[in-house]
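Okay, thanks for coming, everyone. Let me put the model up, and then I'll talk you through a few parts of it.

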Amino acid sequence: MNETFVTNWKSQVKKGTLTFIILNVLKNHEYYGYELIEQIRKHTEIEIAEGTLYPLMNRLKTEELVDSKWVEQETGIPRKYYSLTEAGIETLTQMNIYWENLEKSIKKIIQ
Amino acid sequence: MRIEDIKFEEKASQRIYNDYMKRIRKATASLSKTDQDDIYMEFNSHIYEAIHHKKDANEIDSLLDIIEKLGLPEEVLKPLVADKKLQQATKTFNPVHVFKALILNFTNGISYIFFFVLYLFLFGFVFLIFAKIYNPSLVGLYMKKDSFSVFVLGIINPESQIKNNIHEVLGNWFIPVMLLSIVLFYFLITLLLKFKKSINQKTLS
């Protein structure tokens, strides 16, 4: 087995699906940055380079798929909460349909 | 919103934290104050929440671990700064912001090289205005006498003018035309940058 090849492939898959995973995590819930990372870890066991999440969230915001708001906390350190926009929900629906079809096709090939 | 810094129990932790936050400020210095504060507060919040989720561990170890996972501010924030700078540039039409944004995004794709070339043209027009003031008789837009093809936009010596059968066509209109070209090019570049997103999507699909 070519281990390097598999490792590279896995990291490409993770990179390619990260946006998709983030949007799905935000589907029914709003989260702040650190919590979002924890959720991704919990659901997918993907360890993301934490600092890279924030540039990615900014891109999603520019694309108007995600919105954010600062919420003051008793601790004095406010949290920035992210949620899906209407456009984000619609986009995610399309992405999920595509993913399901892709999954079916891949399963057929694997068998 | 007021920016509150995190207070640590150990002096060493405080120093590591202060240093990291200072590096964030430095890495985002070219952005607007609002964007700078936004990034600063978000990383500050991340460190704070992470520290409080790792209560059991030693403070300094937790902090080092969190900072290591976040990554070096200079590297991690590079794409964020480039994106925000581009947003700022297309929003304000400020040439300094546009130029900085182009430099920052230079490595992000061939299309930016195209924008950069357009920008060089713009500086070319500016240069020609000064050249015309300095040397009015030689600088101009030269065309072939019997056709409408442009021969040279710039400086050409009198011998070559006669040899190639060309003449200057703009005369006193040279500087106004150059000024107009600058304005047109400038709006063209900034508008194209603004629409780049949709251009990219079209090329991808």
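So, start with residues 110-134 of chain B: that stretch is 100% helix and 0% strand, with its end C-alpha atoms 36 Å apart. By helix I mean a DSSP run of H or I with at least four residues, by strand a run of E with at least two, and both are numbered from the N terminus. Residues 173-193 of chain B are 95% helix and 0% strand, and the end C-alpha atoms there lie 30 Å apart. Both spans are listed by UniProt, in an unreviewed entry, as "transmembrane region"; the positions are in the numbering used here, feature names are shortened, and such annotations may be inferred rather than shown by experiment.

Quick housekeeping. This is a predicted model, where local features need pLDDT of at least 70, side-chain atom pairs count only at pLDDT 80 or more, and totals for chains, interfaces and linings use all residues. Residues are numbered from 1 along each chain as its sequence is written, while chains are lettered from A and ligands numbered from 1 in the order in which they are written.

Now, helix packing. Staying in chain B, helix α1 (residues 11-27) packs on helix α2 (residues 33-53) at about 150°, with the axes 10 Å apart. Axes here are lines fitted to C-alpha atoms, for helices over the stretch in contact, and angles run from 0 to 180 degrees between N-to-C directions. That makes α1(B) roughly antiparallel to α2(B); the label needs an angle over 145 degrees, with under 35 roughly parallel, 65 to 115 roughly perpendicular and the rest oblique. Who's touching whom? On the α1(B) side we have Y17(B), M21(B), I24(B) and R25(B), and they meet α2(B) residues including I39(B), Y40(B) and F43(B). Contact means C-beta atoms, placed from the backbone, within 7 Å.

Next, a pair across chains. Helix α3 (residues 53-62) of chain A and helix α5 (residues 78-92) of chain B have axes that come within 8 Å and cross at roughly 25°. That makes α3(A) roughly parallel to α5(B). Among the residues that meet are Y54(A) and R59(A) from α3(A), and L80(B) and D83(B) from α5(B).

Technical notes. Two residues are in contact if their C-beta atoms, placed from the backbone, lie within 7 Å.
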